[in-house]
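I opened this notebook to record what I looked up in the structure, one topic to an entry. The model comes first, and my entries follow.

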Amino acid sequence: MSRKKISLIGGGQIGQILALISAQKELGDVVILDIPDFEGPVQGKALDLMEMRPLEGLDVNIKGTSNYADIADSDVIIITAGVPRKPGMSRDDLLDINLKIISHVAENVKKYAPNAFVIVVSNPLDAIVYAFYKVSGFAKNKIIGMAGALDSSRFKAFIAMETGYSTQDVSCLVLGGHGDTMVPLTRLATVGGVPVAELLDAETLAAIEKRTRMAGGEIVKLLGNGSAFFSPAQSAIEMAESFLMDKKRIIPCAGLCEGEYGINGLFIGVPCVIGAGGIEKIIEVELNDDEKAALKVTADHVAAVVAETKL
Ligand code: APR
């Protein structure tokens, strides 16, 4: 069996962590592609990783480039190309600039790696993944946005921090757009199978929900320059791994809804089964009236940002 190939479009903060984790997990050979002005830095990062490999006995190759021909035959492409937020900015403020970038990236991915499973990370996520889909013409099962995996990990982290119990035992789900209107489903959250409402009081749970919705901004403010990179990278890797190993994990991701949850034609956070076929299924969870109303608010917000793409 030949080695898999993972291409990372964008070799900045998230891209370099993606390269590190991909190499450490030996997911496959790694290509880090950035703009020509950044070719030297991504070649430097790739060489640094090549020289790290003997320390852990890793046998995958890592290459930095600005030449799209190098992504040919990729199994997985993870796109972080674009600019991140600065303090005071919302993800939506990035639309104009990142839309231009994703259009260029989509044309090239379509040309050089038309069979890849594509994971988009660039913000505003739900609109940028939609733009990739429209420009590339990729099948809907081969294009997915990374957001819910991260939002759910943040939700899990806060539950673990408040209860003091293991992160390993927390299970939960965040639906909706990757923005302040996202919908953490507290009703379904459990720790070791125990409903979280039996472990934490309503006030604490409400605070956790709010912190989850604002978690990206909390980090942007603390960093002062740029946005989160460790947890977004690990989230995208989790999705790539489920595809590469045909694990069929259920991970909340931005998948194209065509009637699911009453949503049509939008990429938005929903539980996706990820296996060798890409998005193999979107699972529909029974929601109560409050949750349905909250999902409608977030879907309307995503629709408004998507409309601005004029695609
Ligand atoms: N093609 C390839 N790479 C590009 C392009 C392009 N057309 N345009 C920009 N890039 C590169 C930049 O040169 C930079 O190296 O994308 C990289 C982005 O890296 P960072 O600025 O460090 O941003 P990062 O923190 O990695 O976030 C990337 O993910 O979470 C989102 O909001 C975040 O949209 C942002 C993206």
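Entry 1. I began with Pro124, which sits in the loop between β5 (117-120) and α4. Helices and strands here are DSSP runs numbered from the N terminus (helices H or I, at least four residues; strands E, at least two). The bond joining Asn123 to Pro124 is a cis peptide bond, with omega at about -5 degrees.

I noted the basis of these entries before going on. The model is predicted, so local features need pLDDT of at least 70 and side-chain atom pairs count only at pLDDT 80 or more, while totals for chains, interfaces and linings use all residues. Residues are numbered from 1 along each chain as its sequence is written, and side-chain values use heavy atoms, with hydrogens and water left out.

**Entry 2. Positive phi values.** I then turned to the loop between α8 (230-244) and β12 (249-258), where Asp246 is placed. Asp246 is not a glycine, yet its phi is positive, at about 50 degrees. Lys248 lies in the loop between α8 and β12 as well, and its phi is also positive, at about 60 degrees, although Lys248 is not a glycine. I recorded these because most residues other than glycine have a negative phi, and most peptide bonds are trans. For accessibility I used these classes: buried is under 20% relative accessible area, exposed is over 50%, and partly exposed is in between (1.4 Å probe, protein chains only). Asp246, at 34% relative accessibility, therefore counts as partly exposed. Lys248, at 43%, counts as partly exposed.

Entry 3. Across the two, 36 residues of domain 1 are in contact with 43 residues of domain 2, contact meaning heavy atoms within 4.5 Å.

The largest one has 90 residues, and Ile79, Val118, Ile119 and Phe132 have the most contacts inside it. Helix α4 (residues 125-136) gives the largest share of this core, nine residues. Both domain 1 and domain 2 give residues to this core, so it lies between them. Another core, of 15 residues, lies apart from it and includes Phe158, Ala160, Val170 and Ile208.

**Entry 4. Ile119.** I followed Ile119 into strand β5. Ile119 is buried, with a relative accessible area of 0%. Not counting residues up to four places away in sequence, Ile119 touches residues including Val76, Ile79, Met146, Ala236 and Met239. Ile144 is 25 residues from Ile119 in sequence, but their C-alpha atoms are 5.1 Å apart in space.

**Entry 5. Two threonines.** Thr65 is in strand β3 (residues 62-65) and is buried, with a relative accessible area of 2%. The Thr65 side chain reaches the backbone nitrogen of Asn67 at 2.9 Å. Thr80 is in the loop between β4 (76-79) and α3 (95-112) and, at 15% relative accessibility, counts as buried. A polar atom of the Thr80 side chain lies 3.2 Å from the backbone oxygen of Gly10.

**Entry 6. Helix α6.** I checked the length of helix α6 (residues 202-213) last. The expected span is 1.5 Å times one less than the number of residues. For these 12 residues it should be 16 Å, and the end C-alpha atoms are 17 Å apart, which agrees. Which residues of α6 are buried? They are Leu205, Ile208 and Thr212. Seen down the axis of α6, the buried residues fall within an arc of 60 degrees, so they line one face of the helix; the arc is that of the directions from the helix axis to the C-beta atoms. Glu203 and Lys210, on the other side of α6, are exposed. The cover over the buried residues of α6 includes α5 (148-163), β8 (174-175), β9 (183-184) and α7 (215-223).

Notes. A nonpolar core is a set of buried Ala, Val, Leu, Ile, Met, Phe, Trp, Tyr and Cys residues joined through side-chain atoms within 4.5 Å. Domain bounds come from an automatic or database domain assignment. A polar contact is a pair of N or O atoms within 3.5 Å; within protein, one must be able to donate a hydrogen and the other to accept it, and residues adjacent in sequence count only if both atoms are side-chain atoms.
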